[in-house]
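Hi there,

Here is the structure I promised to pass on to you. Have a look at it first, and then read on for what turned up in it.

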Amino acid sequence: MKYTLLQAAVMAAMTGITASSAWAADYQDNPFTLTYEDAITENVNGKVNIHPVSYELNGVNIAANVYTPAGYDPEQSYPTVVVAHPNGGIKEQVAGLYAQRLAEQGYITIAADAAFQGASGGEPRNVDTPANRIEDIHGMADFITQYPGANEQSLALLGICGGGGYSLAAAKTDKRFQSVATLSMFNSGRVRRNGYVDSQMDTIQERLQEASEARDQQAAGGEVLYAAEGFTELTDEQIDELPFELYSQGAIYYGRTHAHPNSTARYTQSSLLDLMRWDATDQIELIDQPLLMIAGSEAETLYMTEDAFSMATGTENKELFEIDGATHIETYWVPEYVDSAVDELTEFYARTL
């Protein structure tokens, strides 16, 4: 089913929540500009706290949020989780939600905006290349393992959507991560190359030519061209015409219910030169850490998780967990689905860290 602004009551009825709670609080009403339901509004002694931080990664300033558990004592040692956000997402949305929920379970967590995206620095804006996104994950690990109380010997990774694909890539070689989990994993390379659900196989060369021309124009000092421009500003009628549920629900999530000015689906068209020659499953057998992959049973993207899971032959300690009834975007915010994912993650990290 495609959700438009006028279908809030239907969405609420399907998920068993009130119509009003289908919409998160306005980011402007939260002092940390968090968009998710039950987000932290103030730091209180003895409770989970949020700490905005920044650090430099390869000459780019990175904006991040660190969450510390209730009763946090910097002299103590806590298991720690790095959380990588979805394509087009930022730290204030689903990455922040899961970072906060895991902090409630006793973990120090970090969610950072990717370089060239969100509140992080870098020009041109919204470059989205695998090398950058993977380096972002390594950089979060660099920073958080030096944070007071973080136990670098108990470091885990959680990647969501596109961040899930990049987390698989990072974990292939970064053995600081003792265990690896993905939620609604999105293989950005495969989708940018073949199209969503492999629907654009016959236009690969044409799209590569367009990306090459975009890079040439950019190199000559011309206008930077963007793909997916305006996705978060679609009208109800335009959303109804989108061909896939992921896109229609994503337009509502990013453009309406959890909107934030730093979050946009757009990316430089020249990024496709890197994206289209990359795949999250390349050399995935290098992952020898415990692996948990979570996806909604009704998610159109489930095929990406299933394919990656079957190819991850380097570890025998792996599990594929399906959230019954959930679509891709619903794993980002629907309370019962988030609870299910957090329960599974908590058990997994407790067992593997």
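Asp 128 and Arg 133 form a salt bridge, with their closest N and O atoms 4.0 Å apart. The term salt bridge is used for a side-chain nitrogen of Lys or Arg within 4 Å of a carboxyl oxygen of Asp or Glu. Both Asp 128 and Arg 133 are buried; buried stands for under 20% relative accessible area, exposed for over 50%, and partly exposed for in between (1.4 Å probe, protein chains only).

Before you go further, please keep in mind that this is a predicted model, where local features need pLDDT of at least 70, side-chain atom pairs count only at pLDDT 80 or more, and totals for chains, interfaces and linings use all residues. Residues are numbered from 1 along each chain as its sequence is written, and side-chain values use heavy atoms, leaving out hydrogens and water.

The whole structure has 15 salt bridges. In one of them, the side chains of Lys 91 and Glu 92 meet at 2.9 Å, N to O. Lys 91 is buried, at 4% relative accessible area, and Glu 92 is buried with 4% as well.

Another salt bridge joins Asp 174 to Arg 176, with 2.8 Å between the closest N and O atoms.

Now for the rings. There are 12 aromatic pairs in the structure, meaning rings of Phe, Tyr and Trp (its six-membered ring) whose centres lie within 6.5 Å; planes under 30 degrees apart count as stacked, over 60 as edge-to-face and the rest as tilted. Phe 143 and Tyr 147 make a tilted pair, because their planes are at 45° and their ring centres 6.3 Å apart. Tyr 147 is buried, at 16% relative accessibility. Elsewhere, Phe 186, Tyr 196, Phe 244 and Tyr 247 form one aromatic cluster.

Some rings also have a charge over them, which requires NZ of Lys or CZ of Arg within 6 Å of the ring centre and within 35 degrees of the ring normal. Arg 266 lies over the face of Tyr 226, 3.8 Å from the ring centre, and Lys 318 lies over the face of Phe 309, at 4.5 Å.

Enjoy exploring!

Best wishes
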